[in-house]
Amino acid sequence: MKLNGRRESSNVEDRRGLSGGTKTGLGIGGVILIAVMTFLSGGDLSDVFTNVVQSGGLDIAQTTQSGVREFTAEEEELAKFSRQILAGTEDVWTKVFKSMGKKYVPPTLVLYTGSVSSACGNASSSVGPFYCSGDQKLYIDLSFFSQMKSQIGADGDFSYAYVIAHEVGHHVENLLGILGEAHSQMNKVDKKEANKISVRLELLADYYAGVWAHYDNKDYNSLEAGDIEEAIDCAEKIGDNYLQEKAQGYSQPESFTHGTSKQRMKWLNLGIQTGDMTKTTFGISEKDL
């Protein structure tokens, strides 16, 4: 992506190096598979925490961090990149919401290390990036990006931007009332049906990430050759079927909460190509997802 000269968002809380005691373990291989399968949580963290606790193989140890540590040049570059991407989402969604006769209220990005406290509960970095509708903040431990690269081979700046834009997509769902309505419906049905609603939420957040990219490129000519392919490749590798097969050798469609690789690639690319806010993953048949 071409980001030279782009502004950085001020809606950022940098809590890196300030995490308190947290239970850790799993090892990086186990962490990334759980994190990637659950990092697009849409603000409901109960299942995410359950996934981490019930994943097995936990080697629990108490770690404590205090004070502010020095960050590497790579970490600082990722932090700057994240602030620039967030600023880009602010610019795009402010214009899109205005065209819809609405006001966009941007979320806050929280950068943290190890563990963090949110209005949705306490979380360790093993849950991956997440959005909490309770405080309208998105939370990211920047080490997740290096784990994406090393554990599932999803790399490139636009892939990383997609992760952030997806979480902002959940914020857009929240502001439009979609997230709250979906969560309300999920509380009224059994787990299998709730998972189906979750899939629609996640695919819509993928679509909104694509919509952001569409208009960001239109306004700033930000996409370079290969960027779209990077993001589509990332979408493939975070499909429920792909990750479950990588983790356990087979997939369980009834447990899908984020969508298949094919679905995630489809909706992200559709958003990038069209930028059409009238499209939605709700109110359509499952075969059209």
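Phe-144, Phe-145, Met-148 and Lys-149 of helix α4 meet Ser-159, Tyr-160, Val-163 and Ile-164 of helix α5, where contact means heavy atoms within 4.5 Å. By class, this contact of α4 with α5 has six nonpolar, one polar and one charged residues. In that count, Ala, Val, Leu, Ile, Met, Phe, Trp, Tyr, Cys and Pro are nonpolar, Asp, Glu, Lys and Arg are charged, and the others, Gly among them, are polar.

The model is predicted: local features need pLDDT of at least 70, side-chain atom pairs count only at pLDDT 80 or more, and totals for chains, interfaces and linings use all residues. Residues are numbered from 1 along each chain as its sequence is written, and side-chain values use heavy atoms, with hydrogens and water left out.

**The chain as a whole**

The protein chain has 10 helices and eight strands. Helices (H or I, at least four residues) and strands (E, at least two) are DSSP runs, numbered from the N terminus. Of the 289 residues of the chain, 48% count as buried. Buried means under 20% relative accessible area, exposed over 50%, and partly exposed in between, with a 1.4 Å probe and protein chains only. Among contacts between residues at least 6 apart in sequence, 77% join residues at least 24 apart.

**Helix pairs**

Two packed helices are described by the angle between their axes and the distance between the axes. Axes are lines fitted to C-alpha atoms, for helices over the stretch in contact, and angles run from 0 to 180 degrees between N-to-C directions.

| Helix pair | Angle between axes | Distance between axes |
|---|---|---|
| α4 (residues 143–152) and α5 | roughly 125° | within 11 Å |
| α3 (residues 73–99) and α5 (residues 157–175) | roughly 40° | within 10 Å |
| α7 and α10 (residues 261–274) | about 35° | 6 Å |

The axes of α4 and α5 cross at roughly 125°, which makes α4 oblique to α5. Angles under 35 degrees count as roughly parallel, over 145 as roughly antiparallel, 65 to 115 as roughly perpendicular and the rest as oblique. Helix α4 passes α5 in a right-handed crossing. A crossing is right-handed if the near helix is turned clockwise from the far one by less than a right angle, and left-handed if anticlockwise.

The axes of α3 and α5 cross at roughly 40°, and that makes α3 oblique to α5. Helix α3 also passes α5 in a right-handed crossing. On the α3 side the contact includes Leu-78, Phe-81, Ile-85, Trp-93 and Phe-97, and on the α5 side it includes Tyr-160, Ile-164, Val-168 and Leu-175. The contact of α3 with α5 has 12 nonpolar, two polar and one charged residues.

Helix α7 passes α10 in a right-handed crossing. Among the residues in this contact are Val-199, Leu-203, Tyr-207 and His-214 of α7, and Arg-264, Trp-267, Leu-268 and Ile-272 of α10. The residues of the contact of α7 with α10 divide into 10 nonpolar, six polar and two charged.

**Nonpolar cores**

A nonpolar core is a set of buried Ala, Val, Leu, Ile, Met, Phe, Trp, Tyr and Cys residues joined through side-chain atoms within 4.5 Å. The largest one has 60 residues, and those with the most contacts inside it are Trp-93, Phe-145, Phe-158 and Trp-212. Helix α7 (residues 191–220) supplies the largest share of this core, 12 residues. Another core, of eight residues, lies apart from it and includes Val-110, Ala-123, Val-127 and Cys-132.

Not counting residues up to four places away in sequence, Trp-212 touches Met-1, Ile-85, Gly-88, Thr-89, Val-92, Trp-93, Phe-158, Ala-161 and Ala-165.

Asp-216 lies in helix α7 and is buried, with a relative accessible area of 1%. Leaving aside neighbours within four places in sequence, Asp-216 is in contact with Met-1, Arg-6, Gly-88, Val-92, Asn-221 and Ser-222.

Gly-169 lies in helix α5 and counts as buried at 0% relative accessibility. Beyond neighbours within four places in sequence, Gly-169 is in contact with Ala-205 and Tyr-208. The C-alpha atoms of Gly-169 and Val-211 are separated by 9.3 Å, and the two residues are 42 residues apart along the chain.

Cys-234 is found in helix α8 (residues 227–237) and counts as buried at 1% relative accessibility. With neighbours within four places in sequence left aside, Cys-234 is in contact with Met-148, Ala-154, Ser-159 and Tyr-162. Cys-234 and Ser-159 are 75 residues apart in sequence and 6.0 Å apart in space, C-alpha to C-alpha.
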